[in-house]
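Okay, thanks everyone. Let me put the structure up.

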Amino acid sequence: MNRFLSNATNRIDAKGRVSVPSMFRAVLARTAVDELYAWQDFVFPAVSMAGPEVLERFERMIGSQDPFSAEANKMSLLIHGGGVFMKLDGEGRLLVTDFIRDFTGITDRVTFAGRGDHFQLWEPAAFEEMQSRARKERTAIS
């Protein structure tokens with residue numbers, strides 16, 4: 001299955017790299033993704049990552065609107081101004097750049113969270129808190 005599922009927390013090494021979990025690397029390999037589009041999530045303090053097809057999907061959404069509209073401009077600001085392309089190194093590691101650190105608060109460990117068609121990088125305590133809150137809110141609805 002070509003979905004990013006589950007979560008894992010890994011330590012950042014002395015050179016600022018973190019190993020992407022093997023289950024996520026396997027999805028990237030199966031889908032032939034060698035360059036990741038990374039963007040600052042619109043809701044959570046997380047950086048989301050996926051293949052370039054996600055950027056193409058966002059750009060189609062922007063392109064379907066009046067290019068001078070406030071909505072199209074805001075979306076472009078989030079998608080283009082809050083996004084970068086990144087690559088894994090030959091060992092399956094990702095460089096944890098200031099782009100990631102500044103937005104997420106990540107310091108020495110990264111929690112990778114599967115989100116179906118993409119995955120996210122979280123500061124571990126923030127991820128645990130958000131997942132716990134989501135579970136409690138979901139339980140309250142049932």
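So, what volume does the largest pocket have? This is a predicted model, so keep that in mind, and the computed volume comes out at about 220 Å³. There are 13 residues lining that pocket, and the closest to its centre are R115, F127, M130, Q131 and A134.

Where does the lining come from? Of the elements, α5 gives the most, with five residues. If you sort the lining by class, you get six nonpolar residues, five polar and two charged.

Right, on to the helix pair. Two packed helices are described by the angle between their axes and the distance between the axes. Here, α2, residues 52–63, packs with α3, residues 70–79, at an angle of about 165°, and the axes are 9 Å apart. Angles over 145 degrees count as roughly antiparallel, so that is what α2 is relative to α3. As for handedness, α2 passes α3 in a left-handed crossing.

Who's touching whom? From α2 you have L55, F58, M61 and I62, and facing them from α3 are A72, M75, S76 and I79. By class, this contact has seven nonpolar residues, one polar and no charged ones.

Terms used
Residues numbered from 1 in each chain as written. Predicted model: local features only at pLDDT ≥ 70, side-chain atom pairs only at ≥ 80, totals over all residues. Heavy atoms only, no water. 1 Å grid on protein atoms, 1.4 Å probe; cavity = no way out; pocket = protein on both sides within 12 Å on 5 of 7 lines; lining within 4 Å. Points joined across faces, edges and corners; volume = space filled by probe spheres on them. Helix = DSSP H or I, 4+ residues; strand = E, 2+ residues; numbered from the N terminus. Nonpolar A, V, L, I, M, F, W, Y, C, P; charged D, E, K, R; others polar. Axes fitted to C-alpha atoms, helices over the stretch in contact; angles between N-to-C directions. Parallel < 35°, antiparallel > 145°, perpendicular 65-115°, else oblique. Left-handed = near helix turned anticlockwise from the far one by under 90°. Contact = heavy atoms within 4.5 Å.
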